Amino acid sequence: MGVKNGGARKGDSPAWGRFTWPVLLTTVLLCLGAVVATGMFPGLLSVPKPPAPVPVWQKVPDRLSEVNSVLPLDARAPLPVPAQVAKLLDATLKPDGAGSISGVVLDASTGQVLFDRDANANRIPASNMKLLTAVAALKALGPESRFTTRVLASDDPSTVVLTGGGDVLLGSGASEPTAVLGRAGLASLAADTAAALAAAGVTGPVTLRVDDSLFTGAPLNPAWSLDDVAAGETAPLFSLALNSGRYSPDVLTGPRPQDSAITTAQAFAEQLAAAGVAVTPGVERGKGLPAKVLAAAESATVSEQVDLMLESSDNFLAEALGRMTALASGQAGTYDGATAAVRQRLGELGIATDSMQLADVSGLALENQVTAHQFAEVVRAITSGPDLALRTALDGFPVAGLTGTLDDRYLDAGTSEGAGLVRAKTGTLNTVIALSGYVVDADGRLLVFSFIGNGLDPGAAGNKVAMDRSASVLAACGCRG
């Protein structure tokens, strides 16, 4: 028997007729709303992409090694055959377009040359210059030395003088005993100064001066490109600075203070005020009485600063260490004094310097000229030379695929064999790429190397890959024929 129009079928709810259209209308409106929302907020309903896989060598190991100590290298490990090393590197060490790449590989223990391509030709080294600065600073100053920033009294009891001692890694807050950047903090220095002033009965407004006379000569190196300075690659150099000459420790690019001494003194004045000291507005340069120290704060050690300089390739810090090396070497605290001191200290290590041309100690200057062989000898002095103070620079070498300026390299199949094994200082300018460091090969032999490309096509990605691949070849090499 049929069902009349409007009648209920067996099993239908009597309420269905009343709710069907409202439910459908609501559903349609919700769908339209979702479409509109998706148009306004494209990612609202999209499924997020899974994160890129983390390379194996960057993951936390699932178990600890059973070896309880780091074993020394075996002096009997076989030496690579030079012809085999050359065969491998000739296939990888090629420029991507214009230019040329010179290179050398040495056995660290004996100094034997295992590969030589124009290794004694002068090249622009870019930031590989910092390797020369590192060994010179460690030799001249000693790894455990520190630089002291002082607050001195003056003839006028109401005038104090913030006096630079070469620490350009000052922090604006409290001193952090375990830090490198910010080991000495202006807030702690101000608190100690306020206590000393109170003990001396100084109650009136205090005039603050700054003494940056430790470094002399032009603050800005005339060999530097003003475009590099404007881009924040470095800044005029003074004997005290916050954050290695930056406005903030977290902002590593862009404009920098052009007078870090005055900028630091202004920040110190703010900390004095926060410590309860009334400070007269304005900061001028002046000198205090060395015998009347109101407060002092010490930097991180020279070895810690050298490691930071190498790992992060910090130009400003490199130049400051160069000036301090100059003063410790009996040279003037100028740019020329710094380059002379670096040359002097390298000579003391038995490294030939006659062919070198040095215009700065950070590597920004295009006038620098150093050979790949000289860099390899510097690395060898660090890894295997008789001066044990230089060993402290080992921690500063960036580790392939893990730290510093190599943390985003050695990630593809062509270079991954060197990840975690190659340790090297990078160098990059517009047409220059360099890589100098050390690696233990597959047979347990410690090798040092230096690759320097000049006249390269700017931005050609294959040049870094060529150098990384070449260093990785050395890591995987037995090379015994």
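Me: Which residues lie nearest the centre of the largest pocket, and how many line it?
Reply: The residues nearest the centre are Glu 233, Ser 312, Ser 313, Asn 315 and Thr 405, and the lining as a whole comprises 45 residues. A pocket here is an open set of points on a 1 Å grid over the protein atoms alone where a 1.4 Å probe fits, with protein on both sides within 12 Å along at least five of seven lines, and lining residues have an atom within 4 Å of a point.

Me: What sort of model is this?
Reply: It is a predicted model, in which local features need pLDDT of at least 70 and side-chain atom pairs count only at pLDDT 80 or more, while totals for chains, interfaces and linings use all residues. Residues are numbered from 1 along each chain as its sequence is written, and side-chain values use heavy atoms, with hydrogens and water left out.

Me: Which element gives the largest share of that lining?
Reply: Strand β10 does, with five residues in the lining of the largest pocket. Both β10 (423-429) and α7 (302-312) supply at least two residues each; helices (H or I, at least four residues) and strands (E, at least two) are DSSP runs, numbered from the N terminus.

Me: How do the residues of the lining divide?
Reply: The lining of the largest pocket has 18 polar, 14 charged and 13 nonpolar residues, where Asp, Glu, Lys and Arg are charged, Ala, Val, Leu, Ile, Met, Phe, Trp, Tyr, Cys and Pro are nonpolar, and the others are polar.

Me: OK, what lines the second largest pocket?
Reply: Its lining includes Leu 73, Thr 383, Arg 391, Tyr 438, Val 439 and Val 440. Strand β11 (residues 432-440) gives the most, with three residues, and by class there are seven nonpolar, two polar and two charged residues in this lining.

Me: Changing topic: how many helices and strands does the protein chain have?
Reply: The protein chain has eleven helices and twelve strands. Of its 481 residues, 47% count as buried, which means under 20% relative accessible area, as against over 50% for exposed and in between for partly exposed (1.4 Å probe, protein chains only). Among contacts (heavy atoms within 4.5 Å) with a separation of 6 or more, 69% join residues 24 or more positions apart.

Me: Why does Asn 454 count as buried?
Reply: Asn 454 counts as buried because its relative accessible area is 14%. This residue lies in strand β12 (residues 446-454) and, leaving aside its neighbours within four places in sequence, is in contact with Gly 99, Ser 100, Arg 123, Ile 124, Thr 431 and Val 432.

Me: And Thr 159, is that buried or exposed?
Reply: Thr 159 is buried, since its relative accessible area is 4%. The residue is found in strand β5 (residues 159-163), and beyond its neighbours within four places in sequence it is in contact with Leu 152, Ala 153, Ser 154, Thr 207 and Arg 209.

Me: Where is Leu 388, then?
Reply: Leu 388 sits in the loop between α10 (372-384) and β10, and it counts as exposed because its relative accessibility is 60%. Leu 388 and Leu 138 are 250 residues apart in sequence, while their C-alpha atoms are 10.0 Å apart in space.

Me: What is Ala 223 in contact with?
Reply: Leaving aside neighbours within four places in sequence, Ala 223 is in contact with Ala 359, Ala 365 and Glu 367. Ala 223 lies in the loop between β6 (206-211) and α5 (226-230), and although Asn 368 is 145 residues away in sequence, the C-alpha atoms of Ala 223 and Asn 368 are 9.5 Å apart.
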